[in-house]
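Dear colleague,

I am passing a structure on to you, with some notes on what was found in it. Please look at the structure before you read the notes below.

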Amino acid sequence: MYRYDDFDRQLVLERTEQFREQVKRRLAGDITEEQFRPLRLMNGVYLQLHAYMLRVAVPYGTLRADQLRQLGMIARVYDKGYGHFTTRQNIQYNWPKLDEIPDALLDLAKVEMHAIQTSGNCIRNTTTDQYAGAAADEIEDPRPYCELIRQWSTFHPEFTYLPRKFKIAVTGSPNDRAAVKVHDIGLRMHQNEAGETGFEVLVGGGLGRTPFVGKTIRDFIGKNDLFSYLEAILRVYNRFGRRDNKYKARIKILVHEEGIDKIRELVEEEWSQIKDGSLRVDDAEIAHYIEQFAPPAFEALSDDDADFERHKAENRRFANWVRSNVIEHKQPGYAIANVSLKPIGGIPGDATDTQMELVADLSEKYSFGDVRVTHEQNLVLPHVKKADLFAVWSELDKADLGTANLGYVTDIISCPGLDYCALATARSIPLSQRISERFGDLDRQHDIGELKIKISGCINACGHHHVGHIGILGLDKRGKEFYQITLGGDASQDASIGKIAGAGFSEAEVVDAIESLVTKYIDIRDGGERFIDTYRRVGMDPFKEVLYGDR
Amino acid sequence: MSLQVVTANRLEDGLVVFLTSDGGWSENINDARIAEDKEAANALLAEASAPELDIVIVGPYLIDVEQQGTDLVPTKYREVLRTKGPSVREDLGYQAV
Ligand code: HEM
Ligand code: SF4
């Protein structure tokens, strides 16, 4: 796995000490809040409803065991014993004290972690497929490219004050698990006709108040040229992106207003100037990064394991967990094990200090010390021997981490909403909990099949509601929470933005409304159809009718 | 006009506090000094916005409250959450104390 070099280490330590000084000066009154605010934001420190919030980057969602263990320790020492994993594959702490945050950052630095570029109008943490390096369907591990993007973008002098934040996501698999089409730049690895591996480049996707699916700016860019091409896009954005209006400042608005053809022209023109310059990365350098993410020392195993099959046959709960949470691995005899952070009725994405430590221990024992954070707010043990799955599940289950619901209706994405977030217009967590309880019965979840419900507590859409098969947006209507439902969103390779079904629902009505949608789907689905497939076939009307009748 | 009090977040730990009658900041909304009219409210906010308080609190603002029995209760749900803590973690925040 990628390890910091001395340069990275030095940089992070310097930044931490710098922030310690800044906090000291703030507390002593040498700088005002107005001066301090941008400084704290640059270090991932927000002020939320009840307290400060610290956002820690998990680059491309990959953690080592010692890092996750440290995250658990930080939850215990600097917070109230838990953290929240987010759709950005990051972790947020909800209760740190300002004067203790520099110590927390130092403890993070000890395991090569930090909060840099988790806030502000810079290129944010690059996200990717949580199954990178393990998925049976991937072309190549995308993380070497993510790491190159991280190095290119971190403290990039030109791109520290962009018109707005900038998010890049990469998938190495045709099955997009990283929602690349709703990022400022999405990269989809594929092969061209000559059999070379490179990327389709999408630009101008995004959620928030004006959601868009990204548009293809280039069908294929070779690996060596990727970074100069990204630089060209960023330069065009930096030059032409709107700075007059924060709500129109994302690249998606530029692409929308100017049209993708115009943007393509500008980017190609820019690129022609720089493509043979220092940003061209040669094969040897790429190979060096690929080596950093070399597969662990897998054993040569048969893909069938008798004990595994026996445990499945004997233990129905284990079999159910395997059915939903275990995914095919590229290496025979191994599997990808998803750790659900969505216990029925629980808080999506929250994990306690001891849960983090347990997953860290399990990863050390069973998964080469490798853990992933998913944008759907779960954790992953990416390389578990099939023969060990039962032991892993048994341990997880004891710690309330063995819920068998990956991809089901109770595997809900929810932002923190009004329970924590200063920008929220309504709560989102309690609604996710009530939906989870309503559909908690596992047989029913099996019957419903894949159904992605995503909830945001305001129009910023941190909870991805626009791309939920069923999306829920919490709003404020004369001081009361109410919830708008969108249907038909999709974050996958078939990305689409959901459509608003109609008038919103009160807090009391909304769970029934969701249930009526699900019931309708079950009534009218064709064999094998998921909710989203049925919606695409029949359209909004039948669903609208169950929601509103003649209303 | 509704009754109003001034709230802010405390610089040191970010916790929610209210301006009290003696010019201090309390974690308990019931200690808050109440403004009954516009003029009093403006005076309250002006006091809370004094530059020297920049090292005590962050972002002072007025909120509407109602007297319910012996308790002051904000009229907006957002502010109710701030006085209590997250509704999904009743073991945390001021409601836990
Ligand atoms: C401190 C709390 C947070 C603040 C202040 C905040 C703020 C924002 C804002 C203002 C936007 C809209 C950006 C735009 O349209 O230009 C946004 C979008 C977004 N945020 Fe957050 N957010 C917070 C928490 C979170 C959390 C907890 C997550 C992950 C669960 C998250 C993930 C995202 C995502 C995925 C988007 C939409 C993608 C995009 O268009 O950028 N944010 N956030
Ligand atoms: S969607 Fe709104 S409420 Fe939810 S975390 Fe983002 S800013 Fe906060």
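The notes begin with conventions and then take up a sheet, a helix and a ligand site.

This is a predicted model, in which local features need pLDDT of at least 70 and side-chain atom pairs count only at pLDDT 80 or more, while totals for chains, interfaces and linings use all residues. Residues are numbered from 1 along each chain as its sequence is written, chains are lettered from A and ligands numbered from 1 in the order in which they are written, and side-chain values use heavy atoms, without hydrogens and water.

Chain A has an open, antiparallel sheet of five strands in the order β3-β14-β15-β12-β11 (strands are DSSP E runs of at least two residues, helices H or I runs of at least four, numbered from the N terminus; strands pair if DSSP finds at least two bridges between them). Because β3 (62–64) and β11 (326–328) of chain A stand at the edges with a single partner strand each, one side of each has no neighbour in the sheet.

In helix α3 (residues 65–78) of chain A, the 14 residues should span 20 Å at 1.5 Å a residue, and the end C-alpha atoms are 20 Å apart, which agrees (the expected span is 1.5 Å times one less than the number of residues).

Ligand 2 is surrounded by residues that include A:Cys415, A:Cys421, A:Cys458 and A:Cys462 (a heavy atom within 4 Å). The shell around ligand 2 has eight nonpolar, four polar and no charged residues (Ala, Val, Leu, Ile, Met, Phe, Trp, Tyr, Cys and Pro count as nonpolar, Asp, Glu, Lys and Arg as charged, the others, Gly among them, as polar).

In β15(A), A:Leu379 is the bridge partner of A:Val373.
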